[in-house]
Amino acid sequence: MTKPKVAFFDFACCEGCQLQVANLGEALLDILEVIDVVEFREVMSEKWPQSFDIAIIEGSITTSHAVERIKEIRARSKVLIAYGSCATIGGVNGMKNNYELKDIREYVYKDKAEFFDTIPTRAVHQVVNVDYSVNGCPIYPPEFIRILKAALAGLPYHVPDNSVCVECKLNENICLFERGISCAGPITRSGCNSWCVNNGNICYGCRGMVSNPNENGFKAVLEKYDITVDMIMNKMNMYNKCREIK
Amino acid sequence: MGKNIKVNVEYLTRVEGHGNIVVNVNDGVLEECKLEIVESPRFFEGMLRGRSIFEAQHVTSRICGICACGHSLASIQAAEDAIGFKPSDQTIRLRKLLLHMENLDSHLLHIYLLVAPDLLGVKSFVPLIDSHNKVVRRALRMKKTCNDVCDILAGRHIHPISSIVGGWTKLPDEKALDAMLAYLNGMIPDMNATIELAAGLKFPELQRDTEYVALVSDDGEYPLLMGDVGSTDGVRMNKKDYKKITNEFVVPHSSAKHTKLSRESYAVGALARFNVNYSKLRKEAKDIAAAVGMKPKVTNPYLNTVAQLIECAESLYDAIDIVKHFKEKGVDHSEAVVVGLNEQKRILVKAGSGVGAVEVPRGLLFHHYEVDDKGIIVNANCIIPTGQNCNNIEHDMKKLVPEILDKSEAEITLALEMLVRAYDPCISCSAHFLDVKFVR
Ligand code: SF4
Ligand code: SF4
Ligand code: SF4
């Protein structure tokens with residue numbers, strides 16, 4: 001049996017999610033036993049002109065050239081995985097959509113602004129069909145392995161749709177709201193094992209919003225602790241601005 | 001008739017981000033020689049406006065996955081400088097430990113996975129899995145160790161969690177210190193093997209004297225996190241004057257914004273730090289330099305990779321010393337900060353302007369923020385190492401190409417690719433690149 005051909009492609013992002021792969025250590029070699037990585041620009045010079053069994057896409061779509069490129073990759077791929085929050089929800093690149101494109105372009109690039117092709121940031125699924133999503137900024141490696149296994153076996157993977165609070169409670173953290181600090185955990189998808197809260201920070205919602213946030217209940221919590229919806233939405237918008245694109 | 005050569009490498013591989021090399025030799029005369037950066041612009045400086053300085057490092061670490069800790073530390077430094085907050089000695093030591101782990105991790109990635117394939121004549125590290133299995137395993141093992149130490153210290157390496165403006169939300173307890181020390185000590189045999197391997201590698205020859213720029217300080221430490229900015233041409237300035245150091249300028253014929261200081265270009269990075277601060281290196285690092293015959297000033301840019309190797313030893317052994325320091329003196333857990341300092345009004349915020357200057361793996365990184373009286377960023381500017389090196393790389397290419405014109409196009413292309421890769425350019429953090437020519 002030939003090994004499935006897998007390729008990594010990066011769009012606008014920090015490439016941290018692909019680095020998470022290198023950070024698996026020697027376990028990476030076990031994965032490479034069962035797949036054949038045919039293209040991975042950051043660490044390989046090889047190129048693969050044919051079709052892929054699995055294309056793993058990192059980054060958001062932010063230029064018209066990128067729109068063409070992702071469509072072309074989709075056409076050559078049996079399975080497409082959106083990998084990391086830049087790809088699944090637009091991630092930090094979405095913050096750009098808070099501003100008029102013309103303004104932000106001129107602010108950063110001054111009179112050279114016209115050299116920079118830019119369109120509102122989109123998540124990958126807002127441009128092409130996506131088969132699997134690996135959330136997180138960066139991705140949480142154990143979850144990635146689970147999803148990769150599912151993709152290789154052709155099985156579905158359901159992204160958890162309950163909140164980070166569920167994991168946070170299991171980890172016995174003291175809820176930040178109790179300490180008078182706002183946290184985006186209640187409206188954010190779990191799957192990261194409440195990574196940030198375990199390390200003394202708040203959840204910023206990097207894994208995207210749960211599909212059915214209990215908004216009223218959440219608002220009641222905010223009111224109880226005298227925290228404004230604006231304040232929490234401003235935090236949420238660090239990663240989730242792209243959800244406003246229809 | 002002279003030779004015609006056209007090199008056009010699109011999507012330079014095995015570098016962070018996207019770059020193109022364009023070289024045009026017409027009738028034996030070098031007409032064009034460019035490193036183009038085609039990364040999609042990400043507008044980080046624009047996105048920082050309106051954000052609180054207490055959130056800024058979460059945003060800026062996302063500029064680059066490899067330098068996540070470096071960006072976050074520069075960001076924190078700029079924010080603290082802007083409001084006049086002085087971090088404690090303990091905080092600074094732990095930040096330095098984090099920076100050491102990132103520099104070590106990044107250098108290892110570069111040496112093993114990105115440069116070694118060139119020197120061993122293969123296209124990537126993938127064929128090495130079969131031909132040099134032990135070496136690949138060692139590389140991955142060492143990388144993972146750096147990562148594991150960062151996990152303990154900051155929650156994770158890529159986008160550190162517990163290092164924030166004001167200090168650390170989580171401080172290592174006795175168990176964490178022991179675990180970090182065990183990881184670091186465990187790396188020593190692998191480090192020795194790395195030194196042996198890298199010392200045997202042959203690098204291409206190219207000599208071009210340039211100005212080397214790095215942090216300098218008056219204490220005994222090899223400066224990475226604190227200090228003024230200095231150069232091998234005798235410059236010394238306060239980091240607040242970073243604009244006088246970088247002197248960004250637009251090149252009329254290429255629309256490229258480059259930097260220069262005392263001469264046509266300057267270099268930052270491991271080799272620059274080695275040339276500027278050699279005397280402050282630890283013995284373990286100096287021993288490697290002696291073994292490979294490197295003494296400042298080294299003017300072959302390909303040897304940046306060897307300077308990285310020397311810095312690997314510097315970072316590993318200094319990291320061990322930092323952990324040992326805390327094992328002896330203890331960690332003051334009362335210093336742990338609770339996140340949301342601003343919400344709790346625990347840190348005094350005032351309007352101001354601040355600069356962070358940090359030696360990240362690829363060289364000197366500047367962040368500059370202007371903040372209002374609520375700690376909201378009104379203006380932000382980042383100058384990244386690769387941006388500063390671009391001009392220098394082009395000057396190197398211009399020196400190199402005429403020297404190797406008798407070689408085949410394939411050989412010239414490889415020599416140029418290797419030159420660019422030697423600088424370990426992180427084009428993906430092109431927060432501030434003007435070096436783009438979409439107009440063809
Ligand atoms: S999701 Fe985050 S870590 Fe991953 S590539 Fe995007 S910015 Fe980097
Ligand atoms: S700290 Fe955040 S994630 Fe944890 S329970 Fe409270 S709101 Fe939820
Ligand atoms: S705790 Fe929140 S911000 Fe942190 S990794 Fe999990 S989802 Fe992302």
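Modeller: Start with an open sheet of four strands in chain B, in the order S8-S7-S6-S11 and with mixed pairing. Strand S8 (236-237) and strand S11 (266-267) of chain B form the edges. Each has a single partner strand, so one side of each has no neighbour in the sheet. Keep in mind that this is a predicted model.

Now look at the S6-S11 pair. Strand S6 (residues 211-216) of chain B runs parallel to S11(B), and two bridges join them. To find the pairing, locate Glu211(B), which sits opposite Tyr266(B) of S11(B).

Next, the packing. The largest nonpolar core holds 128 residues. Those with the most contacts inside this core include Phe274(B), Met294(B) and Ile310(B) from chain B, and Ile56(A) and Tyr83(A) from chain A. Take Ile310(B) as a way in. Leaving aside residues up to four places away in sequence, Ile310(B) touches Phe274(B), Leu281(B), Ala285(B), Ile288(B), Ala289(B) and Met294(B). Another core, of 40 residues, lies apart from the largest one. Among its members are Cys137(A), Phe177(A), Leu48(B) and Tyr369(B).

Move to helix H12 (residues 304-329) of chain B, where you will find Ile322(B). What is its relative accessible area, and is Ile322(B) buried or exposed? The value is 9%, under the 20% cut-off, so Ile322(B) is buried. Beyond residues up to four places away in sequence, Ile322(B) touches Arg93(B), Lys96(B), Leu97(B) and His100(B). Cys33(B) is 289 residues from Ile322(B) along the chain, and their C-alpha atoms are 45 Å apart.

Look just ahead of H12 in chain B. The loop between helix H11 (283-291) and H12 holds Lys297(B). The peptide bond from Pro296(B) to Lys297(B) is cis, with omega near 5°. Most peptide bonds are trans.

Helix H3 of chain B covers residues 68-83. Its 16 residues reach 23 Å from first C-alpha to last, close to the expected 22 Å. Of those 16 residues, 15 are buried, so H3(B) is largely enclosed by the rest of the structure. Gly84(B) follows H3(B), with a positive phi near 70°.

Now cross to ligand 1. The site is shared between chains, because residues from both A and B surround ligand 1.

Cys137(A) is joined to Pro138(A) by a cis peptide bond, with omega about 5°. Pro138(A) is in the loop between strand S5 (132-134) and helix H6 (141-153) of chain A. His159(B) is in the loop between helix H6 (133-154) and strand S4 (163-164) of chain B. His159(B) is not a glycine, yet its phi is positive, about 70°. His159(B) is also buried, at 1% relative accessible area.

Ligand 2 has a shell of another make-up. That shell has nine nonpolar residues, one polar and no charged. Among the residues around ligand 2 are Cys165(A), Cys168(A), Cys175(A) and Cys183(A), along with Phe177(A) and Pro186(A). Helix H7 (residues 164-170) of chain A gives the most to this shell, with three residues.

Stay in chain A for Glu172(A), in the loop between H7 and helix H8 (195-198). Glu172(A) also has a positive phi, about 60°, although it is not a glycine. Glu172(A) is exposed, at 69% relative accessible area.

Finish at Leu28(A), in helix H2 (residues 27-34) of chain A. At 7% relative accessibility, Leu28(A) counts as buried. Setting aside residues up to four places away in sequence, Leu28(A) touches Val21(A), Ala22(A) and Leu140(B).

Key:
Residues numbered from 1 in each chain as written. Chains lettered and ligands numbered in written order. Predicted model: local features only at pLDDT ≥ 70, side-chain atom pairs only at ≥ 80, totals over all residues. Heavy atoms only, no water. Near = heavy atom within 4 Å. Nonpolar A, V, L, I, M, F, W, Y, C, P; charged D, E, K, R; others polar. Core = buried A, V, L, I, M, F, W, Y, C linked by side-chain atoms within 4.5 Å. Buried < 20%, exposed > 50% of the residue type's maximum accessible area, 1.4 Å probe, protein only. Contact = heavy atoms within 4.5 Å. Expected span 1.5 Å × (residues − 1). Pairing = 2+ DSSP bridges.
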